[in-house]
Amino acid sequence: MASFKLDRTSFKAQTAAAAADHAAYYKNLSWQERLKVSSFLNSIAYNYPEDTPPKLDRTKFVAKSRPA
């Protein structure tokens with residue numbers, strides 16, 4: 001297993017109140033900007049290039065009509 005080292009220069013110490021204030025920043029963004037941020041964070045979390053997300057495996061899902 002590869003060992004990873006935390007880059008401590010990427011983070012800063014802050015209070016809980018300052019950390020909670022980030023929600024207010026994102027609430028002031030438009031829905032398009034929030035969508036771009038979420039796309040970027042997903043690409044980081046799941047390790048794929050931001051401009052080419054993986055395809056949905058359609059064999060795992062089945063479309064069915066609901067009974068009336």
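Reader: At 65% relative accessibility, does Arg58 count as buried or exposed?
Author: This is a predicted model, in which local features need pLDDT of at least 70, side-chain atom pairs count only at pLDDT 80 or more, and totals for chains, interfaces and linings use all residues. Residues are numbered from 1 along each chain as its sequence is written, and side-chain values use heavy atoms, leaving out hydrogens and water. Relative accessible area under 20% means buried, over 50% exposed, and in between partly exposed (1.4 Å probe, protein chains only). Because its value is 65%, Arg58 counts as exposed.

Reader: How far apart in space are Arg58 and Lys27?
Author: Arg58 sits in the segment after H3. In sequence, Arg58 and Lys27 are 31 residues apart, and their C-alpha atoms are separated in space by 33 Å.

Reader: Which pattern does the protein follow along the sequence?
Author: The protein has 3 helices and 0 strands, both being DSSP runs numbered from the N terminus (helices H or I, at least four residues; strands E, at least two). Read in order, the pattern is α-α-α.

Reader: What share of the residues counts as buried?
Author: The protein has 68 residues. Ser43, in helix H3 (residues 31–45), counts as buried because its relative accessibility is 5%. Of the protein as a whole, the buried share is 4%.

Reader: Which residues does Ser43 touch, not counting those up to four places away in sequence?
Author: Contact means heavy atoms within 4.5 Å. With residues up to four places away left out, Ser43 touches Tyr48, Pro49 and Glu50.

Reader: What is the phi of Asn47, which is not a glycine?
Author: Most residues other than glycine have a negative phi. Asn47 lies in the segment after H3 and is exposed, since its relative accessible area is 71%. Its phi is positive, at about 55°.

Reader: How far apart are the C-alpha atoms of Asn47 and Ala68?
Author: Along the chain, Asn47 and Ala68 are 21 residues apart. The separation of their C-alpha atoms is 42 Å.

Reader: How far apart do the centres of the positive and negative side chains lie?
Author: Lys and Arg count as positive and Asp and Glu as negative, without His and the chain ends; charges are placed at NZ of Lys, CZ of Arg, CG of Asp or CD of Glu. There are 11 positive and 6 negative side chains, and the centres of the two sets are separated by 9 Å.
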